[in-house]
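Please read the points below with the sequence and the structure side by side.

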Amino acid sequence: MTQHLQRRLTPRHITFMALGMAIGAGLFLGSANAINLAGPSVLFAYLFGGAMIFIIMRALGEMAEHDPVAGSFSTYAHRYLGPFAGYLTGWNYWILMVGVGMAESTAVGIYMRQWFPELPQWIWVFGSVAMIGGLNLMAVKVYGEMEFWFTLIKVVTVVLMILGGAGMIWLGWGNGGQPVGLANLWSHGGWFPHGFTGMVLALPVVVFAFGGIETIGMAAGEAAQPERTIPRAVNSVLWRILIFYVGALFVIMAIYPWDQLGTQGSPFVTTFGKLGIPQAAGLINFVVITAALSGFNSTTFSGSRMLYSLSTKAQAPAFLGQVSEHGVPVRAVLVTLACLVFGVVLNYLLPERIFAMMMSILAFNTVWTWMMVLIAHYSFRRRHGATAFPLRAWPLTSVVCLLFLAFVLFMLGYSADTRVALYVGAGWVVLLSLAYRLLGIGARMRALEPRAI
């Protein structure tokens, strides 16, 4: 056994991991929830949210390029804000990854039931846990390669959907030669059918859709050329959000009334059916299953690496820090998978509610993680100054983004449907704080201070 991760992820792997996290169940399945809340104005929510995410990723990217370590933002919070902040951030992110993994595996079950309606949803969820678990127990390069192919399938599909939808809108493809036009964007209650409030209420869903994109930072500790790879991956965030979220949803809502989307499953499946290619529905179903598996794959990777990092700082049991000869923290992977099995139980008990429930609850954890990135980055810049990959217009951009995240937290409490996220999140923070004190974690960390953390 070795005690160190291995830098085997190539620039191609890192770039596609970053791209893949932007195209998961949050786009293929969760977009229906956001559309129902905001109507066509959801496009503005994704545009504004995307700009904020770009600021967060540039802040994280600056720290990761300067110091590519395992644990990413948890380690940065530890160094620049103190051990307790790093501890809270690390464990909060781990539970976030477990929850997102449950949501992604649930998406697999939802789509598989379209092919096999007679089989219960939980069987497919269990199968996805077994499959992704096997991949994450292999060498990290295998994980990176699989994520590359998962992502390539999603990218090609979304691009073809955008091109086919554009042909239907302006050329009449699949509609008897009659262009559909753009009237559906404003003919069903206007751009803001539920008012400005509807768009604002969609922001927590938008936040969840972007959640996981910080995997770029988590992968930095195993990147072969982090000084070149991390900036490239981070800089691609903005344009991919514009293309894959705004572009895809623009096409979908133009060719199909927004208030009818989501009533028959994924808007993507509905859109391809509307294009007059019914044979493609099964193929698209396969693609969205692949998208969910990709997101599940990445969250399992990130969760296990966070457990590994926490163990190296005496913030988690030491046995989780053992790494195999292939550079895989096997025990951290197994513990993460064991917790993901709980998602199988939830799918058995609440098959119709689990996806929406996890999306609502996990928004708090996502916002917490991003806030800690920005706050740690502020301390980082005060200590080191601008680096080779600086966040532009700092600190103004950081302040604006923090205000946006605080507003998202307020909206979580404003909506009765998402208020539970604040209760669960606050309860989790209290529980972690008690564990920190009662288990003497702070004292154990101080004993490690002579080491580099």
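1. The surface comes first: in this predicted model, the chain exposes about 16900 Å², and 68% of that area is supplied by carbon and sulfur atoms. As for the interior, buried residues account for 60% of the 453 residues in the chain.

2. On the overall fold, the chain holds 20 helices and 0 strands. When contacts between residues at least 6 apart in sequence are considered, 81% of them join residues that are at least 24 apart. Met 168 belongs to helix H8, which covers residues 140-171, and with a relative accessible area of 1% Met 168 is buried.

3. Which residues have the most contacts inside the largest nonpolar core? They are Tyr 46 and Met 253, in a core that has 124 residues. Helix H6, made up of residues 83-115, gives the most to this core, contributing 15 residues. There is also a second, separate core of 5 residues, and among them are Ala 363, Phe 364, Ala 421 and Val 429.

4. The salt bridges deserve a careful look, and a search of the whole structure finds 2 of them. In one, Arg 381 pairs with Glu 62, and their closest N and O atoms are 3.2 Å apart. This pair links distant parts of the chain, since Arg 381 sits in helix H17 and Glu 62 in helix H4 (residues 42-66), 319 residues apart. Both Arg 381 and Glu 62 are buried.

5. In another salt bridge, Asp 67 pairs with Arg 79, with the closest N and O atoms 1.9 Å apart. Asp 67 lies in the loop between H4 and helix H5 (72-81), whereas Arg 79 is in helix H5 itself, so the pair ties together parts that are 12 residues apart in sequence. Arg 79 is partly exposed, because its relative accessible area is 27%, and the buried class requires a value under 20%.

6. For the cysteines, the count of disulfides comes to 0. Is Cys 401 buried or exposed? Cys 401 is buried, with a relative accessible area of 0%, while Cys 339, at 28% relative accessibility, counts as partly exposed.

7. As background, most residues other than glycine have a negative phi, and most peptide bonds are trans. The peptide bond from Trp 394 to Pro 395, however, is cis, with omega near 10°. Pro 395 is in the loop between helix H17 (354-384) and helix H18 (396-414). Ala 393 lies in the loop between H17 and H18 as well, and its phi is near 55°, a positive value in a residue other than glycine.

8. Where is Ala 314 found? Ala 314 is in the loop between helix H15 (280-312) and helix H16 (330-349). The phi of Ala 314 is positive too, near 65°, and this residue is likewise not a glycine. With a relative accessible area of 12%, Ala 314 counts as buried, because the buried class takes in values under 20%.

Technical notes
Residues numbered from 1 in each chain as written. Predicted model: local features only at pLDDT ≥ 70, side-chain atom pairs only at ≥ 80, totals over all residues. Heavy atoms only, no water. Helix = DSSP H or I, 4+ residues; strand = E, 2+ residues; numbered from the N terminus. Buried < 20%, exposed > 50% of the residue type's maximum accessible area, 1.4 Å probe, protein only. Contact = heavy atoms within 4.5 Å. Areas by Shrake-Rupley, 256 points an atom, 1.4 Å probe, with all protein chains shown as cover. Core = buried A, V, L, I, M, F, W, Y, C linked by side-chain atoms within 4.5 Å. Disulfide = S-S within 2.5 Å. Salt bridge = Lys/Arg side-chain N within 4 Å of Asp/Glu carboxyl O.
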